[in-house]
Amino acid sequence: MIRHEVVVVGAGLAGQRAALAAVEAGRDVAVVSKLHPLRSHSGAAQGGINAAVGAEDSVDTHIYDTVKGSDYLGDQDAIEFFCREAGPTVVEMEHFGTIFSRAPDGSLARRAFGGAGFPRTIYAADRTGLALLQGLWERLGTEEFTLYSEWDLTELLVRDGSVQGLVAFDRRRGEFEMIGAKSVVLATGPAGRIYGHTTNAHSCTGDGLAAAYDAGAYLKDMEFVQFHPTALLESSILITEGARGEGGYLRNSAGERFMSRYAPHVLELASRDVVSRAIVTEVLAGRGFHGPYGDYVHLELMHLGKEKVESRLQEICDYSRHFAGIDPVTEPIPVYPAQHYMMGGIGTNSRGETNLPGLYAAGEAACVSIHGANRLGGNSLLETLVFGKQAGLAAAEHAERATAPALDAADLDRSVAPIRAWSSRSDGEDPSTLRTEMQRTMDRYVGIYRNEADLLEGLRQVRALRARFERVRVVDRSRVFNLNLTDAVETGHMLELAETIVVGAYARTESRGAHSRTDYPKRDDARWMRHTLAKRAADGPQLSYSPVAYTRWEPKERVY
Ligand SMILES: Cc1cc2nc3c(=O)[nH]c(=O)nc-3n(C[C@H](O)[C@H](O)[C@H](O)COP(=O)(O)OP(=O)(O)OC[C@H]3O[C@@H](n4cnc5c(N)ncnc54)[C@H](O)[C@@H]3O)c2cc1C
C-alpha cells in the first residue's frame, strides 16, 4: 500500500495551494489528480480575482458586498476572514510569478464585476485562472511532493470514524490503488456536469463531493446552483462577466437595455442571480431573439471599440469567432444563462475541517460558506487560494498528531468489487445514456426558476435514473485509459449529487439568491435563514439545518 501523511485530491488552485501549505509545514505530501494539474478547470477562469487593494476601496465594502451578494446566507465570520486575506493573497500570487494586467500608472488593473460596490476585480486579460495556475504550479514545483497524475479518486476509506486513506484508479495502467493517509484534503472542484447546459469542463463531475457524502460527511446548501447570465448558445462556453465589467450592454429584441427594469441602479452589473432571472423573464415574455439553439438576448461590446475589446477580452473574441461565428467587435454576441458554479459543497469551517476527523475540503468542492445563496464573480478564485491554504495547514497539523492508518488489502478489494462487477455484466445500462438523461432532467426541472410540481417530477426522474444505475454496464474491457469505466464512476457520483440538489430545493420553500421558487417568491428569514445539511441515508439524503453566523450585517432586502 502507498502511504503519505497528507494526500490532497485535486490539483487546481485549491489543491495546489493546500499542498504547498502542507509541504511548507514539513509534511510528506502527495497530490492525486484525475487531470494533469495545469488542465484543471481553474485554468478556464477568465474574468478575475477580487481583492480590495488601493486607497479608494475597503475591505469592509468587500465584506458587505459579499454578505449582500450571498442574500444573507453567507457566514459573516468566514466572509470577514476571507476578505481580509484577499490583498495579501493576490500579492503573494504576484510574487509566485502570476503576471496581472496593469493600469497605466503601473499599479494592478481592476475591473468592475457584478454585485461589487467598487471595481475590485484584478485580472490577467481574460485568462486570469491560467495565469494564477501557472504561477502556483511553478512555485509548488520548487518543493518536494509526490504527484499521481491521471489517477481518479473512487472512494474514501473510513476506519473508526476517521478518514484514513482512499482508493484511486490509475487511468494509465488500469489499476486500482489504495493510498493510506493521516489527512485527506478534497479539492476536486466543480460538479457542473450534472447539468447539460454548463460552462464547466467535462471533468467537473463532483467526485470529491460524492466520495465525502458516501463516507458520511455533510453536503451543505446543495440547492444553491449558480447560473451565469452570459454563455454562448449551443456550446455554453462562458462569456466572462468582465465583458459587462468593461462596459458591455444587454439588449432584448425590442432594442431595450432591459436591465433597467430589474436593477435600475447598476443595470448589467447586478449580481448573477438577478441578471440570469432577468434574461429568462425577457425571453419568456417574448422579448428574446429566436434561433435554432433556442431563444436568447444580445450582449453588445461594439461601442467599446476594437482596441479595448481585442486587448481586454482576447479569449471572448476567440470563442465568439470560433464557436458562434460572430465578431464581437462589430456584432452582438447571442447569449443565454448556463449552469456555472455550485455554492453548495462539502460542509467545512474556515479551516477546511469537515465533520469527519482526517477529512478536509477546499475550493469549489467545499462550502464554508462564504457565497451563501449566490456567489459574486471573482470571489471563487480567491476562495480557492485563501481556504486552500487553510485546509492544507489544518491537514498538516492533524497529520502531525494522528496515528498511522490501519488499512489492509481487504479494504481495497471491498471497495473495488462493485466497480469490477460493472464490467462482467452481459447486459445493462449505458452510463453515458444515464448521464445525458440526468442532464436533461436537471436542465428542465431544477433550473433557474423552480416550483413544487417541477421539483417533484425532477426528483422522480433522478430516482428512476439512480435505480437504473444499479444495473450499469461497462462494455470496454481494456485496461489503458478506459474512459467507459471512469464515465460510469462519474455518472454514479453525479446522480447521487443530483438527488441532494433536488431534495434540498424541494424542501426550501422560499426564494433566496440563486434558489428561485415561483410558488414561494419571497425570502423567508424567519424560517429559512439557515444552511441545509444533507447526510446520506439508506433511502436518500437526510436533511437537517444549521444556523448562519452573524457579525455585523443585519439582513435587508437586496436591491441593486
Ligand atoms: C469557465 C469558467 C470561468 C470562471 N471564471 C472565474 C473568474 O473569472 N473568477 C472567479 O473567481 N471564478 C471563476 N470561475 C470559478 C472558479 O474558476 C472555480 O470555482 C475554481 O477555479 C475551482 O478551483 P478548484 O481548485 O476548486 O477546482 P479545479 O480547478 O476544477 O480543480 C479540480 C481538481 O480536482 C481534480 N479531480 C476532480 N475529480 C477528481 C477525482 N475523482 N480524482 C482525482 N482528482 C480529481 C481535477 O483533476 C482537478 O485537478 C470560473 C469557472 C469556470 C467554469
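Phe-481 sits in the loop that links helix 14 (452-469) to helix 15 (483-507). Helices here are DSSP runs of H or I with at least four residues, strands are runs of E with at least two, and both are numbered from the N terminus. The phi angle of Phe-481 is near 45 degrees, a positive value in a residue that is not glycine. With a relative accessible area of 34%, Phe-481 is partly exposed; buried means under 20%, exposed over 50%, and partly exposed in between, with a 1.4 Å probe and protein chains only.

The model is predicted, so local features need pLDDT of at least 70 and side-chain atom pairs count only at pLDDT 80 or more, while totals for chains, interfaces and linings use all residues. Residues are numbered from 1 along each chain as its sequence is written, and side-chain values use heavy atoms, with hydrogens and water left out.

Asp-160 also has a positive phi without being a glycine, at about 50 degrees. Its place is the loop between strand 7 and strand 8 (162-170). Asp-160 counts as exposed because its relative accessibility is 76%.

**The ligand**

The ligand has 39 residues around it, and those that come nearest are Ser-40, His-41, Ser-42, Glu-364 and Ser-380. A residue is near a molecule if one of its heavy atoms lies within 4 Å of it. The shell is made up of 15 nonpolar, 19 polar and five charged residues. In this count Ala, Val, Leu, Ile, Met, Phe, Trp, Tyr, Cys and Pro are nonpolar, Asp, Glu, Lys and Arg are charged, and the others, Gly among them, are polar.

| Residue | Ligand atom | Distance |
|---|---|---|
| Ser-40 | oxygen | 2.7 Å |
| Asp-207 | nitrogen | 2.8 Å |
| Glu-364 | oxygen | 2.6 Å |

On its own the ligand has 1,000 Å² of accessible area, and the protein covers 98% of this. Such areas come from the Shrake-Rupley method with a 1.4 Å probe.

Asp-207 also has a protein partner: its side chain and that of Thr-205 are joined by a polar contact of 2.9 Å. A polar contact is a pair of N or O atoms within 3.5 Å; within protein, one must be able to donate a hydrogen and the other to accept it, and residues adjacent in sequence count only if both atoms are side-chain atoms. The side chain of Thr-205 makes another polar contact with the side chain of Lys-34, at 2.9 Å. Thr-205 lies in the loop between strand 9 (175-186) and helix 5 (207-215), and at 0% relative accessibility it is buried.

Helix 11 gives the most, with four residues. In the loop between strand 17 (366-367) and helix 11 lies Ser-369. A cis peptide bond, with omega about 10 degrees, joins Val-368 to Ser-369.

Strands pair if DSSP finds at least two bridges between them. Strand 10 (residues 219-220) and strand 15 (residues 345-347) run antiparallel and are joined by two bridges. Leu-219 has Ile-346 of strand 15 as its bridge partner.
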